[in-house]
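Here is a short note to keep beside you as you look around. Please open the structure and follow the points in order.

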Amino acid sequence: MDKLTIGQADDWHLHVRTGSILKMVIGHTAKQFGRAIIMPNLKPPVTTVEQALLYRQEILAALPQGSAFQPLMALYLTANTSVDEIKKVADAEHVHAFKLYPAGATTNSDAGVADIEAAYPLFAAMEKYRVPLLIHGEVTDAEHDIFDREKIFIDSKLSKLTQQFPALRIVVEHLTTQEAVQFVEAAGANVAATITPQHLLYNRNAILAGGIRPHYYCLPILKREHHRQTLLKAATSGNPKFFLGTDSAPHLTGMKENSCGCAGCYSAHAALELYAEAFEQAGALDKLEGFASFYGADFYGLPRNSASVTLEKQPWTVPEAYVGDDIAITPLRAGEELRWRLLAA
């Protein structure tokens, strides 16, 4: 197959930051996707509907002229979140979910939830008002190996959460392990998951073999090959519980290539091309449309996009960096050739 046309896709997990970074990256997403769930882990975090609506206006103002892209906002769950705020989200047209970051789990997660059980009254309200809870599923205790943190979170936190709140709508974000896939598969229809392109295409050798490569470093971290194979099987299975969420995270090149080594891969420049590569490797290009264009919208109770996009076998080389306004961002696969290319609308 040399050409593939699918319904316009959505990105159900996206970071776009703010200010000059937002202005640089938002066009990459807008040319590929109709909508995206925007992550709220700014500094300071987006914790109220009012803040989310202001952030949404900043995103809309940064879009290329004529773009029909729609940002779908999420709020950052903290110990100070109120039941009233949850009710506001349920009533808000443009705010669609809360994001749970365990404190210290990833970039700008210091304000996250330190004690998940203490937040049970908030989860009860989300269950009542049918507000989705998006979860970064890792424990953060120093004694736990970084490669085991997702599995331990599922065993010690998420299993209890789903038992306590069986109707709570949950998206387990950026799955990385066989255990996480099995958990989502066994859970009720109210539990779904997103999978990133890097976790479909790479295992932990991409970060560590032949030298440390910081632009492949993300959290949750890439895992062993058998986990990648399980993720690929889930994504290409046609199971509507699994759908596209890039977790594309724009970090300045200088912040990735230093002692910080900020966690996150920037993939928005070629997201659909990267997914197409993974699905083609699995012999499942016919399953890409459901994963990318249908299942996420169905889970969130939103209409599927009426437009379409076309990918063609047309090799192109990813730039070494995207540069502007005295900033530079190194994309995933910088300087390398991709086999698929999104055709201009």
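The points below cover a lysine, a pair of helices and some salt bridges.

1. First, some background: this is a predicted model, where local features need pLDDT of at least 70, side-chain atom pairs count only at pLDDT 80 or more, and totals for chains, interfaces and linings use all residues. Residues are numbered from 1 along each chain as its sequence is written, and side-chain values use heavy atoms, leaving out hydrogens and water.

2. Do look at K223, in the loop between α8 (205-208) and α9 (225-235). K223 is buried yet has no salt bridge, and E138, the nearest side chain of opposite charge, is 4.9 Å away. Buried means under 20% relative accessible area, exposed over 50%, and partly exposed in between (1.4 Å probe, protein chains only). A salt bridge needs a side-chain nitrogen of Lys or Arg within 4 Å of a carboxyl oxygen of Asp or Glu. The side chain of K223 does reach the backbone oxygen of I221, at 2.9 Å.

3. Next, the axes of helix α6 (residues 178-186) and α9 come within 8 Å and cross at roughly 30°. The two helices are therefore roughly parallel to each other (angles under 35 degrees count as such).

4. Twelve salt bridges turn up in the whole structure. One joins K88 and E50 at 3.8 Å, N to O; K88 sits in helix α3 (residues 83-91) and E50 in helix α2 (residues 49-62), 38 residues apart. K88 is partly exposed, at 39% relative accessible area, and E50 is partly exposed at 45%. E50, E85 and K88 are linked in a network of salt bridges.

Notes:
Helix = DSSP H or I, 4+ residues; strand = E, 2+ residues; numbered from the N terminus. Lys, Arg positive; Asp, Glu negative; His and termini not counted. Polar contact = N/O pair within 3.5 Å; in protein donor to acceptor, adjacent residues only side chain to side chain. Axes fitted to C-alpha atoms, helices over the stretch in contact; angles between N-to-C directions. Parallel < 35°, antiparallel > 145°, perpendicular 65-115°, else oblique.
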